Amino acid sequence: MARYTGPMTRKSRRLGVDLVGGDAAFEKRPYPPGQHGRARIKESEYRSQLQEKQKARFTYGVMERQFHNYYVEASRRAGKTGDNLLQLLECRLDNVVYRAGFARSRRHARQLVTHGHFLVNGHKVNIPSYQVSQYDIIDVREKSQEMTPFIVARETHGERVVPAWLQVIPSRMRILVHSVPIRAQIDMPIQEQLIVEYYSKK
């Protein structure tokens, strides 16, 4: 299955949540797309579980097989599977770049990572799904620091709230990972227990 590259507003309206952040088009029409968008939809337990799974998938830009692999890994780890799942998603390199304010969206962050603009602990990493760990140091490559996205990131630093588990040093274009996030630090409107229920039935 190919990665979804269509309009995210449509997905936001289908799932009933702003997947992009600050999507004016979604705010204008927050009901589902299509001719019958405003019709009453019959709710079911399965539909709610599937919708939460899709919401998480599209928020983080992950394909179905990869998302299932995250669930399998989360279920292997100690602790709550739902918490572990969100932790794995939050620790993706593209998400960390987005959370630090170095990109406009997770899609943008994914593109910047893929193009090789970042070093993790001094080594070039161009894999968006790379899992960052506690005490990792993420730098924008020196050659890339004068590119427009990073100039804008420096100038607009402070406009977006950086989560407590990260620290950003804009003058050096550096991100410090103080710890992996706990559930209370992940401000996503996702009911992870419904995702666990969805996969546990399969």
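Predicted model: local features only at pLDDT ≥ 70, side-chain atom pairs only at ≥ 80, totals over all residues.

Trainee: How many residues are in the largest nonpolar core?
Mentor: There are 25, and those with the most contacts inside the core are Leu93, Val97, Phe102, Phe118 and Ile138. A nonpolar core here is a set of buried Ala, Val, Leu, Ile, Met, Phe, Trp, Tyr and Cys residues joined through side-chain atoms within 4.5 Å. Buried means under 20% relative accessible area, exposed means over 50%, and partly exposed is in between, using a 1.4 Å probe and protein chains only.

Trainee: Which elements supply at least two residues of this core?
Mentor: They are α6 (93-99), α7 (106-114), β1 (118-120), β3 (137-140), α8 (148-155), β4 (166-169) and β5 (174-177). The largest share, four residues, comes from α6. Helices (H or I, at least four residues) and strands (E, at least two) are DSSP runs numbered from the N terminus.

Trainee: What does Phe118 touch?
Mentor: Leaving out residues up to four places away in sequence, the partners of Phe118 include Val97, Phe102, Ile138 and Phe150. Contact means heavy atoms within 4.5 Å.

Trainee: Switching to helices, at what angle do α4 and α9 cross?
Mentor: The axes of α4 (residues 64-76) and α9 (residues 192-200) cross at roughly 100° and come within 11 Å. That makes α4 roughly perpendicular to α9, a label for angles of 65 to 115 degrees (under 35 is roughly parallel, over 145 roughly antiparallel, the rest oblique). Axes are lines fitted to C-alpha atoms, for helices over the stretch in contact, and angles run from 0 to 180 degrees between N-to-C directions.

Trainee: Which residues make the contact?
Mentor: Glu64, Phe67, His68 and Tyr71 of α4 meet Ile195, Val196, Tyr199 and Ser200 of α9.

Trainee: How far apart are the axes of α5 and α9?
Mentor: They are 8 Å apart, with α5 (residues 81-90) packing on α9 at about 105°. Thr81, Gly82, Asp83, Leu85 and Leu86 of α5 make the contact with Glu192, Ile195 and Val196 of α9.

Trainee: Where is Pro181?
Mentor: Pro181 is in the loop between β5 and α9, and at 1% relative accessibility Pro181 counts as buried. Not counting residues up to four places away in sequence, Pro181 touches Gln87, Glu90, Cys91, Trp165 and Ile186.

Trainee: What about the phi of Asn121?
Mentor: Asn121 has a positive phi of about 55° although it is not a glycine. Most residues other than glycine have a negative phi. Asn121 sits in the loop between β1 and β2 (123-124) and, at 40% relative accessibility, counts as partly exposed.

Trainee: And Tyr135, buried or exposed?
Mentor: Tyr135 counts as exposed, at 63% relative accessibility. Tyr135 lies in the loop between β2 and β3 and has a positive phi of about 75°.

Methods: Residues numbered from 1 in each chain as written. Heavy atoms only, no water.
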